[in-house]
Amino acid sequence: MLSRRRLLQYGAATAAAAALQPVTLAGSGAASAAPKRGGTLKIAWASSPLSIDPAYAVSGDEYMITAAIYDNLTRVDEKFVVHPQLASGWSSNAHGDVWTFNLRRGVKFHHGRELNARDVVFTFERILDPKNGSPARTSVGPIDKIEAADDYTVRFRLSIPYADLPISLGTTYARILPADRAALIKTAPSGTGPFRLAEFRPGAYTRMVRFQNYWDPGRPYLDELWEVNMPAMAAQVAALTGGSVHAMFEVPASYMPALQTPGVSVVSVKSPGFQPLTMNNAEKPFNDVRVRQALKYLVDRDALIKAVWQGHASTGEDHSVPSFSPYYAATTPTHTYDVAKAKSLLAEAGYGSGLNIELWTSNERVGLQELAVAYQQMAAPAGVKIDVKNVPWSVHVATVYKKKPFYANNWFGRASIDETLYPYFRTGGGFNDAYSNKDVDTLLDTGRATTDFKKRKEFYARAEQVIHVDGPWVVPYFTMYTAAMRSNVKGVAVHPLRWWDFREAYFEG
Amino acid sequence: MRSLGFIARRLGALAVVLAVVSVLVFAVVQLLPGDVATEILGTSATPEDLAALRLKLGLTRPAPVRYAEWIGGVVRGDWGQSLLYQMPVRPLVLEGLGRSAVLAGLALLIAVPLSIGLGVVAALRRDRPLDHAISTLTLIALSLPEFVWGTLLILLLAYRFRIFPPSSMVDPQASLASQAARFVLPVLTLILALLAQMTRMTRASMIDAIRQPFTEAARLRGLRPRRVVAHALRNALLPTVGIVALNVGFLLGGIVIVETIFSYPGLGRLLVDSVNHRDVPMLQMATLVVASAYGLANLGADIVYAYLDPRIRY
């Protein structure tokens, strides 16, 4: 058995490595002053939530609502460290394919019943049933079977050893639902979370009120929590500076100067989100690794970060692991902007007289269109003539993604290292166009089954290096996530995955 | 009565138009790339997940079957289930319609008398400074699109000077006074968009009416100037009524932009959401409701025509 102690050591190693990550805490003063009870907090979103069913919720505004209504077994904090939530502790067998979670006792649902192991079983069986068509089915870990050992113990039997299960159980899909209210989840949800749903008005607002019997004593501090739908950024900025809302989910770079006013704090964190130029390496000319490398040398990364993101991004190394990840390792050679090198690689590959390619992009995701147009200019001196094709996002999803040989794409990134690499680069991975490399497959398969942090890191470092040189992606940068709050809002940590949690939120003064 | 028969005939024609509109909207939605399943599941969907969700939402059955089921339901009063919000379409659309009607009604209530007044004044002071001032101002109002006006008003009156709230989000807990303040900016934006057309139409037809022999005759018979103006106005209003009817249609569908800028949860917002997310039941009902409102407004205009001009008999 992997003991609790060993598990905690592993957790500590992750935490130590992750502590280097520069995360700004909005509620950094939380420790000094005692949190104050009361108040109504409103947060503005450009989009409107569509589904409050956690198994189908796919956008940030929906995540915020389900995080308030429900709890997970585990909580993944803003440094990607795992903490207990509804689970009081967990352990795995030595092989890493059977995991046992102990439940907290005396936890009440909003409708009064006490949480037990059957609710957890119900939640995961619902997600995993293919008939339900939940996008979560492939995202909660390789769960083969889940069973209730007793009222307060659940056991996950996995199809393969999987070290990242505690992180996967902390994702947005895996909120614990009540087994006795299956038909009411979409319309009258009841969770164990800190807030009860009071009103759900898509296109206008969602109002949530404090749950008196929350299991964590004293929390939440707020009386009410509102998600407010405001599509126009100018309206959001005016509402935040005027004080009629207290937080803005996302601040585009161009609006940051307007928020430099007293009473408002703008908070930026490095995110695992990235915008790759994706090549289908099963198709010409991208099947030649020299062409892929040439295209990687034609990116002026610093210039892109300045031009597309006004400096609010960090350099990418043509794979999906950001520099703040505990599993990040530097790769060689550095892909600096080098037209001569790109030209010679293209000539070797037989494209010395030039290359004509289409690059598909979308104007409906911030930065994507700018990225494609800037890259077009950067690649031109090497004889690479790029025809930029711009489509709406819904068309991109339906006809470009995984269908065109060369396109710009938008990913928000994931918390666990397995989900950061495996779906994109493993042969047959869910988000992989056509990339297949035996070394990468072996490294990723071994990595996901290894629980020892040091050994794991070595496997992933090697995978990053292979993908950096051989892989099908140009990853010019990782984006930053910028939000804004009234300065008196405390106890809210801006999460790199754009998850908002108001359990600890309170108004100062 | 002949006029009742006329109204019945026009209502029948309206029903035919709406049936055609429903078929057209359904057909157009089928041509769009992607469907509600790709919208819900996004880029992370596997083909199996997509297939399962399509089956669950009933998207795998042939389009004519789905259309027939839906239109049958509408006739029986069952407007179907929104695919995205997982709620019945009917309360969502009716609530949106009610809110849009309040916004559009307020805008019309102010813009119609205001623009008729401005048009009459401009006609009476023709080619004098006041006329030029009215023309210039209404043309400026017309020349800037609503999204520019809306953003300008927010930046000026909500961000810089904080006189009015930037959002007209309906808040059940707020006092009535603060609710009223929320309507100021969106209604003002709509008025600016409506003003020029109606003012200029009133001005032109008023100038025309003043020139007519009957106005001359009224003046020569010694009627007081105010009576003469009223006399001319009744004749000058006919084209303006047509414009107002057109504007009702514009207001109900076209306030999409204003509702988006000011976070106003009306029918326009529902339309945008349902188009973006391939929510066919919602999109069709919202479109049908807008088409009905447009048809009814034109019917209303015809009735007002008949009242203003007794010579018109259908």
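This is a predicted model: local features need pLDDT of at least 70, side-chain atom pairs count only at pLDDT 80 or more; totals for chains, interfaces and linings use all residues.
Student: What share of the contacts in chain B, between residues at least 6 apart in sequence, joins residues at least 24 apart?

Tutor: Chain B has 314 residues, and 38% of them count as buried. Now keep the contacts between residues at least 6 apart in sequence and ask how many of those join residues at least 24 apart. For chain B the share is 72%.

Student: Zooming in on helix 4 of chain B, how far does it reach from its first C-alpha to its last?

Tutor: Helix 4 covers residues 63-76, which is 14 residues. At 1.5 Å a residue you'd expect 20 Å. Just past the end of helix 4, B:G77 takes a positive phi of about 95°. Back to the helix itself: its reach is close to that expectation, at 20 Å.

Student: Is B:G12 buried or exposed?

Tutor: B:G12 sits in helix 1 of chain B, residues 2-31. Count the other C-beta atoms within 10 Å of B:G12 and you get 10. The cut-off for exposed is 12 or fewer, so B:G12 is exposed.

Student: How far apart are the C-alpha atoms of B:G12 and B:L283?

Tutor: Along the chain, B:G12 and B:L283 are 271 residues apart. Their C-alpha atoms are separated by 23 Å.

Student: Over to chain A. Why is chain A called as compact as a globular protein of its length?

Tutor: Chain A holds 13 helices and 21 strands, and its C-alpha trace spans about 75 × 55 × 45 Å along the principal axes. For 509 residues the globule rule gives 23 Å. Chain A is as compact as a globular protein of that length because its radius of gyration is close to that value, at 23 Å.

Student: What percentage of the residues of chain A count as buried?

Tutor: For contacts in chain A with a separation of 6 or more, residues 24 or more positions apart account for 71%. Burial is counted over the 509 residues of chain A, and the value is 52%.

Student: What separates the centres of domain 2 and domain 3 of chain A?

Tutor: Chain A is divided into domain 1 (31-69 + 193-263), domain 2 (71-185) and domain 3 (271-480). Domain 2 does touch domain 3, with 11 residues of domain 2 in contact with 10 residues of domain 3. On the domain 2 side, that's seven nonpolar, three polar and one charged. Taken over C-alpha atoms, the centres are separated by 33 Å.

Student: Is A:Y173 buried or exposed?

Tutor: A:Y173 is in the loop between helix 4 (165-168) and strand 8 (195-201) of chain A. Leaving out residues up to four places away in sequence, A:Y173 touches A:P54, A:A55, A:I127, A:A136, A:S139 and A:V140. It takes 20 or more other C-beta atoms within 10 Å to count as buried. A:Y173 has 24, so it is buried.

Student: Which helix of chain A gives the most to the side that touches chain B?

Tutor: The contact takes 38 residues from chain A and 40 residues from chain B. On the chain A side, strand 10 (224-229), helix 5 (233-242) and helix 10 (393-400) each supply at least two residues. By class, that side has 22 nonpolar, 12 polar and four charged residues. The top contributor, with seven residues, is helix 5.

Student: Last one: where does the largest share of the largest nonpolar core come from?

Tutor: That core has 165 residues, and A:A44, B:A107 and B:A286 touch the most other members. Domain 1 and domain 2 of chain A both give residues to the core, so it lies between them. B:A107 is in contact with B:V187, B:L190, B:I191, B:L194 and B:L251, leaving aside neighbours within four places in sequence. The largest share of the core, 15 residues, comes from helix 5 (residues 89-124) of chain B.

Conventions. Residues are numbered from 1 along each chain as its sequence is written. Chains are lettered from A and ligands numbered from 1 in the order in which they are written. Helices (H or I, at least four residues) and strands (E, at least two) are DSSP runs, numbered from the N terminus. The expected span of a helix is 1.5 Å times one less than its number of residues. Two residues are in contact if their C-beta atoms, placed from the backbone, lie within 7 Å. Ala, Val, Leu, Ile, Met, Phe, Trp, Tyr, Cys and Pro count as nonpolar, Asp, Glu, Lys and Arg as charged, and the others, Gly among them, as polar. The radius of gyration is taken over C-alpha atoms; the globule rule is 2.2 Å times the number of residues to the power 0.38. Domain bounds come from an automatic or database domain assignment. A nonpolar core is a set of buried Ala, Val, Leu, Ile, Met, Phe, Trp, Tyr and Cys residues joined through C-beta atoms within 7 Å.
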